[in-house]
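Please keep the sequence and the model side by side while reading.

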Amino acid sequence: MAKLLVKLQRYFRRKPVRFFTLLALYLAAGSLVFLHSGFSGEPTVPGSPRGPAGGEGPGLPYLGVMQLSRGFKAAATMPGRARRHGHWFKSTSKEPAERGKARDNGGTRSRALRGRSGREKEEDRARYVGCYVDNTRQRTLRGMSFFDYKKMTVFRCQDNCAERGYLYAGLEFGAECYCGHKIQASNASESECNMECKGERSNTCGGINRLSIYRLELAQESARRYGSAIFRGCFRRPDNVSIALPASQLMLNMSVDKCVDFCTEKEYPLSALAGTSCRCGFPTTLFPLHEREDEQLCAQKCPGEEFESCGTAEFLLVYQTQVQDNRCMDRRFLPTRAKQLVALASFPGAGNTWARHLIELATGFYTGSYYFDGSLYNKGFKGERDHWRSGRTICIKTHESGQKEIESFDSAILLIRNPYKALMAEFNRKYGGHIGFAAHAHWKGKEWPEFVANYAPWWATHTLDWLRYGKKVLVVHFEDLKRDLFVQLQRMVGLLGITACEDRLLCVEGQKDGNFKRSGLRKLEYDPYTPEMRKMISGYIKTVDTALKLRNLSGVPDDYYPR
């Protein structure tokens, strides 16, 4: 044996090329054997049949009423934040063998098969229902919704909907998530749900006007809930109450939970308690929710809950359910190129993104931007990607100042905010993102004093420049917009040349927060402004106040002075 090895060694030493050739063939053969073992079979999935026939349609019986957990508050989900998987969660990840099998097929058919294969891997608490038709004017799932054009996944959508107590989670256009308690549309062909999820290419997230819908089942019946109902106040019974609040039911054992559950099941955003009568509807001109009454007028005890108030026949106690009012959710680009460029101008941190959200809901048209912010585009501001001169958007966000930039626009909405609040908001955005917070070290370090020294003068010059060089400027104070949204939004929409439908504006009031509102839970425990900073900022406030009054405009709101 030793002689044979010596002979082989001498042979390959004289002919090294043959040695390396033989070695390469050996390695290639090993690789083929390894790959063959990986592709040798596709795991079969026991359980539900394929296709829409195995799904659940709108005609199925309702699964019962979930009870509202009174201590529950919907938790805001931050993009990219790690989360523990709840008991309800259905994993959609694929086995390696399944991924390999999917790669053997090409085109749309392979993606549809791959999506179905992953969805049919049923586990305990979520089940794929099917592909359904959706409509921008009348949604199939009418609860909460959110978009993420970069990181959307099936799990993230399921997680958000389940966390808020919804029965169904649906994904559309690869990046849009919709929640609801009922499916209100017909089935579509599975091949029409053919768009990959933006955050995980291995799964399908609906298609164009097509929803991939999952049913979420919580671990225990007692854990089911409709989410957090929002208290709106005590209101006088409207005239023509049967028209203003069309759905009603007599409840001798009335409680807040029972009325909210009933209205949620009926897919109405408002729940009104009137003693032993529960009424449901939308905010309309007949019942606008603008004139609140003293809550003592609604302080009659509930028959079914000793420590709750249920209103009276004349004074209704109103809650907002988790049903989303879709009358103002449709948005699109302008059908014809705009003849004038309208700026939505503000100092950074003055609420420009929030104002854009309100304008888009109120008009039904996308807003544009002088810049490009990928994070805003990913959250649904589709006009962010258009060039600001494209003419396809209703107005243009800008923080620019200076004569040349301002004179590029034909008119402007100038949004002004208390400089103390605006500076802190922009500092949080700069160091923590659109809805994040700056770290404690940034506030205590050199960053904050340098920021105030550079940005506080800009707060004043920004307003002064727009007042001086702007051709047609509508001044809106952020504080007034918060306090009286309906009236201020009417003014803004009027400048844009849009005839605002009052019912649509009332819908906006119910959806006003959007996805870019900081929670307010991480407020600083101290005042970051030194006496020197306050003295400097107060001088700038007086300068802006004087400039506004010289143009016969109302000065800055009283709460700008002093802190």
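Accessible areas here come from the Shrake-Rupley method with a 1.4 Å probe, and for residues only the protein chains shown count as cover. The model is a predicted one, in which local features need pLDDT of at least 70 and side-chain atom pairs count only at pLDDT 80 or more, while totals for chains, interfaces and linings use all residues. Residues are numbered from 1 along each chain as its sequence is written, and side-chain values use heavy atoms, with hydrogens and water left out.

**Overall architecture**

- The protein chain has 17 helices and 17 strands, where helices (H or I, at least four residues) and strands (E, at least two) are DSSP runs numbered from the N terminus.
- Of the 563 residues in the protein chain, 50% are buried; buried means under 20% relative accessible area, exposed means over 50%, and partly exposed lies in between (1.4 Å probe, protein chains only).
- The accessible surface of the protein chain is about 28100 Å², and carbon and sulfur atoms account for 51% of that surface.
- When contacts (heavy atoms within 4.5 Å) in the protein chain are taken between residues at least 6 apart in sequence, 76% of them join residues at least 24 apart.

**A nonpolar surface patch**

- Leu 23, Tyr 26 and Leu 27 make a nonpolar surface patch of about 350 Å².
- Patches are made of residues with over 30% relative accessible area and no salt bridge, with like charges joined within 9 Å and nonpolar side chains (Val, Leu, Ile, Met, Phe, Trp, Tyr) joined within 5 Å; a salt bridge is a side-chain nitrogen of Lys or Arg within 4 Å of a carboxyl oxygen of Asp or Glu.
- Leu 27 is placed in helix 2 (residues 16-38), and Leu 27 counts as exposed because its relative accessibility is 54%.

- Strand 5 is largely enclosed by the rest of the structure, because seven of its seven residues are buried.
- In a regular strand the side chains alternate between the two faces of the sheet.
- Arg 210, Ser 212, Tyr 214 and Leu 216 point one way from strand 5, whereas Leu 211, Ile 213 and Arg 215 point the other way, and all are buried.
- Strand 1 pairs with strand 5 in the antiparallel sense over seven bridges, two strands being paired if DSSP finds at least two bridges between them.
- Strand 3 (residues 168-172) also runs antiparallel to strand 5, to which five bridges join it.
- Ser 212 in strand 5 stands opposite Cys 131, and Ser 212 is also the bridge partner of Leu 171.

**Disulfides and other cysteines**

- A disulfide is a pair of cysteine sulfur atoms within 2.5 Å, and by this rule the count comes to nine disulfides.
- Cys 131 and Cys 193 form one of these links, with their sulfur atoms 2.0 Å apart. The pair connects distant parts of the chain, 62 residues apart, since Cys 131 lies in strand 1 (residues 126-133) and Cys 193 in the loop between strand 4 (176-180) and strand 5 (210-216).
- The torsion about the S-S bond of Cys 131 and Cys 193 is about 90°, so this disulfide is right-handed; both Cys 131 and Cys 193 are buried.
- Cys 197 and Cys 205 form a disulfide with sulfur atoms 1.8 Å apart, and this link is right-handed because the torsion about its S-S bond is about 90°. Cys 197 and Cys 205 are both buried.
- Cys 259 and Cys 278 are both buried, and the link between them is right-handed, with 85° about the S-S bond.
- The sulfur atoms of Cys 259 and Cys 278 are 2.1 Å apart in this disulfide. Cys 259 lies in helix 7 (residues 256-265) and Cys 278 in strand 9 (residues 277-281), so the pair ties together parts that are 19 residues apart in sequence.
- Cys 501 has as its closest cysteine sulfur that of Cys 507, 9.7 Å away, which is too far for a bond; Cys 501 counts as partly exposed because its relative accessibility is 44%.
- Cys 395 is buried, with a relative accessible area of 1%.

**The surroundings of Pro 246**

- Pro 246 lies in the loop between helix 6 (241-244) and strand 7 (247-250), and at 46% relative accessibility Pro 246 counts as partly exposed.
- Leaving aside neighbours within four places in sequence, Pro 246 is in contact with Tyr 268, Cys 280 and Gly 281.
- The C-alpha atoms of Pro 246 and Arg 279 are separated by 7.2 Å, although these residues are 33 apart along the chain.
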